[in-house]
Every structure is written in structure tokens, then in C-alpha cells.
Amino acid sequence: MASAHADSEHAEHAGHGDHPPYLAHHFDTPEQQFDSAKLGMWVFIVTEILMFGGLFVAYLIYKGQEPAIFIEAHNRLDWKMGSVNTIVLLFSSLTAALAVRSSQLGKKNETTMWLTITILCALAFLGIKYVEYSHKFHDGLLPGRFFTAHLPEHAHNGHVLPQRASMFFALYFMMTGLHGLHVVIGMSILGWVLVRNHRGQFSPEYFTPVEIGALYWHLVDLVWIYLFPLVYLVG
Amino acid sequence: MATEVAGAHGHDEPDHLAPYLSPEAGRGIKGWLLTLDHKRIGLMYLVSTLLAFFMGGVFALLVRLELFAPGRTIMSAEYYNRAFTLHGAIMVFLFIIPAVPGALGNFVLPIMLGTKDVAFPRLNLLSFYVYLFGATFALYSIISGSVDTGWTFYTPYSTTSNTSVVSMVLGAFILGFSSILTGLNFIVTIHKLRAPGLHWKRLPLFVWGTYATSIIQVLATPVLAITLLLLAAERTFGLGIFDPALGGDPILFQHFFWFYSHPAVYIMIVPGMAVASELFATFSRRAIFGYFAIAMSSLGLALVGFLVWGHHMYTSGQSEFATTLFAALTMLVAIPSGVKVFNWTATLYKGSIVLTTPMLYALSFLILFTIGGLTGLFVGALSVDIHLHDTYFVVAHFHYVMMGGTVMAFVGGILYWWPKMTGKLYDESLAKKGWFFVFVGFNTTFLIQFIMGSKGMPRRYYDYLPQFETYHKISTVGSWLLLVGFLLTAWALIKSIRSGEKSPPNPWGSAGFEWQGTESPPVMQNFRVTPTITRGPYDYHLCSDEELFDGFPEDAEK
Amino acid sequence: MSDHAHAHDDGKVHAHVSSFFFLCAIFTALIGLTVITVAASRFDFGSANTIIAVLIATVKATLVATFFMHLKYDKGFHALIFIMSFVFLGVMLGLSSEDVDSRGRVDTSSTVRILERRGEQAPGGFVPDPRGVQAREHPTSGASQPAHH
């Protein structure tokens, strides 16, 4: 600022004749805006990882305290449905990445297709989750004081779970519930990106929302990549 | 973002070069509530956090008044528990965490960086509304039965207390998101929007401090979010994660809570340090001593702050091994804090010190923070803490750091940047009287609490033994002096708005970037000409007289 | 503004475009790893179960982050903050579980504090018996109060 007035080449009005409509007034170049959006998203991803991380820490600590009960309780989860959901989410991650790719290449219809498939996968994930949840509700496999799987009427193959298995289901519902909420949020974001894509607002020069939406969707996938083996497979 | 403001319309509209407070820059209530301008959002934050400070202060005065005499003085024990809880919760979540970053940071940071706005202006406005939304929850909790758990919400009491815990916890949860959004915005702004020539080694120390704060906000706050969510779920659905009867561990709640809340005390103090660094440089008229060391010690505090949370849990049933480990790690915190204090002192040495009101606050900050920091070593030492834990010694230590540190720096910062924010000068002699009462009142209130605590007076108690009566009386009188001090300061500011003289662009003769090349108050886009930085923010030897004394012809002649 | 000016001067967005088949190949690898982790969970490796699951998950997460999320072609700083989030998570897990693991509980049969998992006698501890240390040396004689308040 020492030379603020002397340096006229950085003057406000210079070089802004080609300011494209998508470029906000406080950015100088599209690249600066793109980089800022991406950095912001990565910082946001960090916060999400730490938020889910708290639940994972609680899960691992309680699992370490009661390993036998956790293993017994996790056998009541349906690992087959979990695996199918894993494949659905991984596939949706692929289509999200492909949506970014076609958007980068300016192929609007292809982008629409990949985004639609991604959203349909998210719906499928939630559908399978719903089936899983209703089985758990039916069997009394619920958290805390709603847990009834230790009662004789909920005996599974002739034996019941100990009451302390309620901790496993408390964590199971918190983790999958919060993840499910993120699936819904991610779906809404991708839906909004889909609408904007349909309006033709994206081009090889400006595809930031597609990129950011896809990053969020990959985050949802990342959480599941850890959640699935830890909760469904090793208990 | 912000295409509505400028974008396609180009930059020729006179609006965006109008002073940001003028009607041309945005008319009426809509021009404020829907503004994307960081300066207006900063001012809205300033007003809201000061209101929260006032509310928290009223509860503090009520608590002190109740303790004026043993037994019942003005309220029942039940209401006393609520009063100290609300004092803590409001001061922590509604005032001290958002105060410096939200109010001063939002206003000053983009100007210091030589940019027109923060990276995500809409997110910035959103963070303010999220703050208001969270504050609404907190207010709802206060009127619907209030909270009596202490601001720490420890389980199992917080899961069984019949007060309105869930709404307060959800309020804090929502306020956390506001904090995250502000931190995220600042990180991106500092990385991507610096003016040409403003490389990392030229960043003002306020920016470095805000950067460190933002890192903590982003890394720690999500853990608070999940902890409070679990607590709310525990109360609502009987989740059992912190309930021993269901295999849960209440101490794990404390781990989770302090994993956020210890770094959170650095969210509170590091911005205070950041403001103080600016004040010391400006009012000593010299380059800050150990620029790099101060900048790095902010980052050091941010990182070390994550390793020491267990020192809040020495007596809570944590394992002996863990307490020993945390006690050892805690001593690390002294290093970056010490680096800062020594460098500030060295900055003062042989500086041309000007004792303006902001500088008086900065010097108070230095003294009081040093006392607060050193007593922190007492309570951080495992063996000593077993005696001092949960006594008034801890209360005094905490207030010396938070109030003697952050609040002093915050008030100093408000006064320092006031002419830039409002374009008006304030009455120095009135503000100095205010400072005197604040300083004396603060020490009267809290110094005595160190003695009281070391003699064994427990914190949060409604009643006390006769031998503590004199101490409590002195402390309560101190709280009244503090009130007088803050009222005088508030009056000085109100008077300035109503009838203050117009401020020149650089009333303090500072070399800081925010005073150069901007008007007082700044125009909507901060600069008429995008600045190019050719020197550091404290390079007084590279400044011309015109730069330092613009608008003070009589000074420039000297 | 200082960060972005080094590579391209035109200020336009230059992002890497991955090839279709490459992305599909990554997807195939992810499915393969899912099959491996499910198969591995059918065998019991004892305490290594969790470690194996986390390792495979980390490989998968790395693939997603590196290629689907473009970290490989992105600024190094983004990868740094991504990794840092796991480092801080590790700090949280490490220091919390270090407490939980070394915390003693009262064994009701012998009335001494023992470490839950290893069955060893816990160090230190508040023993309400006035004979203090002695009480711990003679397990049957003292320390009947639950130490887990």
C-alpha cells in the first residue's frame, strides 16, 4: 500500500472488460475463484471428517472395552445388505467423478445423465437402509432404553443379546443415521447442480459447482468406506 | 457469489465507491440485513456480541451480588446455579468465541489483505444468521427453564437435570457451525485473496493470529458438534453412550468436550493476542520485535492446544497415566505463550510509546495475560492442581486470561479501529477514565480470588464459610467498578457516534495496511485502487510522513 | 493472488481431465478391495481383524481421494489438510483411548484396581484405606470402595 496511488496498472477498472458473469466481483480471475471454492470445500471436508471421527473414536473405544458383546451384536447386522450398499455408493462415486469429467469437457447431456444416475444410486442406498432399519426396529435392536433384544420374545436362533449390546446399536444408529443425513444433503446438492446444469450454466471454463458437489459426494463415500468394514464386518 | 452486488453491472456504479455506512451503499434495514459486505457484517457481529457481553455481564453481576454475603442474598440456590451457568454459556459461546473474529476480524481482515471482500461473502452472511439462530435457541432455553449444569454440560448431571438443557445444547451446536463457517472463510481468504506483493512474510500479525484461530475453529468445533449431538440424543432417546448404567462412560464425554473446549480457549485468546500485537506495534512506533516468532507461536499454540485437554480432568477419574502424560504435555503451552510475551516486551523497549486508550488496554493485556498465563502453570502442574482444582483459583486464572487477556484486547481493538469503522473520533479522556475503572475493577474482582481459591474456597458454591466473607465482599465491589468502567467506555463510544469529530484516514499514524490507502470509513469495496504491497506492515522506517500523518497537516509539518 | 500466478498467466481454470477408462479402472479396484475386505472378515485373525479392515479401508479411501477427488492433480496443500484431519483424529483417538486403557477398575473378587483388559494391577490410584500403599500390596485387606466414581 505504500505505493497504492502510484501503481496504476492495478487500477480497479483495468482489465475487467471481459469479466465473465460467473466471476464474483472480488475475484480477479476465474482460476482464483475456482481455487478458492476448492480450498473452501477441502477445509469443509476436514470438519466433516472430524465430526464423524468423534463417533468412530467412541465406537473404537467402546468396542475395545466390550469386544465380545460387540462381536455378538454385529452378527445381527446384515452384511449382505451392507455390501450391496457399499457397491451402490462406490458406483455413485464413479458416476459423480464422470459427471465432473463430462462437465469439464462441456458435454451437458452426458453430465445430466451421470448426475441423474448418482442421485438414483443415493435413493437406492436410502431404500436399502430403510429395509435394514425396519428389520432392526422389528427385532428390538434399538439404542439405549428402547433396546429390547435382550427379552425372550426377540430371541434370535434361540438366544438373546445381553442388554449391554444396546451400546453397539446406539453407535450403529448414530453413525449410520448421521451418514444417512449426509446422503440426503449430498443428494440435494447434486439435485441443485443438476438443475443448474440443465439451465446450461456450466462450461469448460466454469464447472465449479459440479466439482464441489462431487467432492461432497465422495466424502459421503469415504465415510462409508470406513463405516462398513468397522461396523458390519469386524464388529 | 455476490454477483447481485457488482458482477455483471461492472464497477462503474457509484454505489460501490460510496462510504460503506452511507445510504448509497445500501439503503435502510434491507441494506443491512441482506448485505454481503464484510464491513457491515462485521458491525452487525459487533453489536450482537456486545449485546451478549452485556447479558453475560448482568448474570456475572447477579452472581457476585449473591455472593456479597453468606447465605441467601438476592436469589435462591436454584437460581444461582442457573445464573452462573448462563454467565458461562453466554460469555463463552455467544460472546468471546465470535467476538474478535466475527466483529474485528470480519471488518479488518479483508482490508489488511488489500482485497474487496472475504472469499465467500454469502457464507459470511450465513454465518451471522446461523449465529443469530443459535442465539435464539439459547434465549429460548433461558426463558423455558434455563440451565443449571455449568457451561461444561458434564454428564451424568446434564442428562438428568430437569432444566432446559437440550435447547441450550442445540444452541451451542448451531453456534459451532457459525464459528466453523467464519474460520473456513478466513482460511480461504488469507490463502487466495492477498493483494499483489502481500506474501506470507508481510502478513500483519492480526492476520496470522486470525489464521491460527481459524485452523482451531475448523479442526476442533466439529468434535464439539458431535459431542453435543450425542448429549442431546442421550437426553432425548436415552442413547446410553455416556450413561454408566448402559455401559457408557461419563468421562468419555469430558474427553470429547475438552478435545474441543481446550483448543477453544485458544480460539478465545489467540485473537486477543493478534489484536495486541497490532496495538503494540502502532503505539510503540516501531517494527514489532520477533515478527516471525510471534507469527509462528500463534500456529504453535493452535497445534499444542490439541494435545493438552486432559489437564481439565486431573480429578475426574481419568487414569493416573493419562494425568501424568497430560501434565507433561501441558508445560509445552508455556513456550509459545512465553515467546509472545517476551517479544511484545522487546517491542516496547526503546519504542516511542504513545499512551492512548487502546495502548493502555494493550499494556493491561500484557500484564494481566502474564499473570493469567503464569497461574496457568500452577493449575497445569498435576500435584498443585489436586489442591486447586475447582476452587476460585481456577476461576481467577481463567478470568485473567479470558477477561484480562481477550476482553482487554477486544476493547482495545474496538477503540483502535473505531475511527476506521465509524469515521468518528472518540473522547480520549472519557475513554481513559473508563479504562481506569475497568483495570482497577478487574484486579479488585479477581486478584482476591487467587487468595480465596488457594485457601480452599470452591467454585460454583452458593454459600461459604465466614472466613471467606471479606474476600467475597471485595470481589463483589470490584465487579461494580468494572460495571462503571464499561459504562463509561460505552458512553464514550455512543457520544462519538452522536457528536464525534470526523476522523482522518489514519488518526493513529500507523503503518498498518488497514490505515493506508483507505478512507475512514472505507468505501464499499474498501479501495479505490487495488493496492500493491511493497513493504511489511510494521516498517515505519520505510513510511513517508504523508503516509503516517495523512489528514493531520500540523503533524506532518513537524 | 500470490498463490495462483505461478503456473498459468491467463487466469483461466486448468483442471486435469481424467480418462473414462481410468476412472472405471479405479472403480473396479475399489470393488475388488471390497470383495477382499468382506472375504477377510470371514476369517478370524484375532485382534488383527480391526487393523486389517482399517488398512484395506485406507487403501480404498486413498484411491477415492487421489483419483476421484483429484488430489493427485490438485494443489499439495489440499492433500496436506486432508491428511492433517486424520492426524488430529489420531491424536483424539490416541490420547482418549490411552486414558481408557490405563484406567483401573475395581475387581470385585479381589477388591483391587486392575486394568480391564490385561488383568494387571493398575498403577497408583486413590485407595480409600488409610494404610494406602500397604492396602495395594495386600490385595485382600483393603480398598473395598469402587475407585470408579
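## Helix packing and chain contacts

α12(B) passes α14(B) in a left-handed crossing. A crossing is left-handed if the near helix is turned anticlockwise from the far one by less than a right angle, and right-handed if clockwise. Helices here are DSSP runs of H or I with at least four residues, strands are runs of E with at least two, and both are numbered from the N terminus.

This is a predicted model, in which local features need pLDDT of at least 70, side-chain atom pairs count only at pLDDT 80 or more, and totals for chains, interfaces and linings use all residues. Residues are numbered from 1 along each chain as its sequence is written, while chains are lettered from A and ligands numbered from 1 in the order in which they are written.

**Helix pairs in chain B**

Helix α12 (residues 357-380) of chain B packs against α14(B) at an angle of about 160°, and their axes are 8 Å apart. Axes are lines fitted to C-alpha atoms, for helices over the stretch in contact, and angles run from 0 to 180 degrees between N-to-C directions. α12(B) is thus roughly antiparallel to α14(B). The cut-offs are under 35 degrees for roughly parallel, over 145 for roughly antiparallel and 65 to 115 for roughly perpendicular, with the rest oblique. The contact of α12(B) with α14(B) holds 17 nonpolar, ten polar and no charged residues. In this count Ala, Val, Leu, Ile, Met, Phe, Trp, Tyr, Cys and Pro are nonpolar, Asp, Glu, Lys and Arg are charged, and the others, Gly among them, are polar.

α14(B) (residues 392-422) also meets helix α8 (residues 250-284) of chain B. Their axes come within 8 Å and cross at roughly 45°. That makes α8(B) oblique to α14(B). The crossing of α8(B) past α14(B) is left-handed. From α8(B), the residues that meet α14(B) include Met268(B), Gly272(B) and Ala276(B). On the α14(B) side, Gly405(B), Ala409(B), Gly412(B) and Gly413(B) are among them. By class, the contact of α8(B) with α14(B) has ten nonpolar, five polar and no charged residues.

α12(B) has another partner in helix α15 (residues 428-454) of chain B. These two pack at an angle of about 10°, with axes 10 Å apart. α12(B) and α15(B) are therefore roughly parallel to each other. Thr357(B), Leu360(B), Tyr361(B), Ser364(B) and Thr375(B) are the α12(B) residues in this contact. They meet α15(B) residues including Glu428(B), Lys432(B) and Trp435(B). The contact of α12(B) with α15(B) has six nonpolar, three polar and two charged residues.

**Chains A and B**

Chain A has six helices and zero strands. Its radius of gyration is 24 Å, well over the 18 Å that the globule rule gives for 235 residues, so chain A is more spread out than a compact globule. The radius is taken over C-alpha atoms, and the rule is 2.2 Å times the number of residues to the power 0.38.

Chain B comes to 18 helices and zero strands. Its radius of gyration is 23 Å, close to the 24 Å that the rule gives for 558 residues, so chain B is as compact as a globular protein of that length.

| Chain | C-alpha box along the principal axes | Buried residues |
|---|---|---|
| Chain A | roughly 85 × 45 × 25 Å | 54% of 235 residues |
| Chain B | roughly 70 × 50 × 45 Å | 62% of 558 residues |

A residue is buried if 20 or more other C-beta atoms lie within 10 Å of its own, exposed if 12 or fewer, and partly exposed in between, with C-beta atoms placed from the backbone.

Contacts with a separation of 6 or more can be split by sequence distance. Residues 24 or more positions apart account for 73% of them in chain A and 83% in chain B. Two residues are in contact if their C-beta atoms, placed from the backbone, lie within 7 Å.

**A buried loop residue**

Thr155(B) sits in the loop between α4 (121-143) and α5 (157-160) of chain B. Thr155(B) is buried, with 25 other C-beta atoms within 10 Å. Beyond its neighbours within four places in sequence, Thr155(B) contacts Leu231(B), Phe242(B), Pro250(B) and Phe253(B). The C-alpha atoms of Thr155(B) and Asp243(B) are 8.0 Å apart, across 88 residues of chain.

**Where chain C touches chain A**

40 residues of chain C are in contact with 44 residues of chain A. On the chain C side, α1 (20-41), α2 (48-68) and α3 (76-102) each give two or more residues. α3(C) gives the most, with eleven residues. That side of chain C divides into 25 nonpolar, twelve polar and three charged residues.
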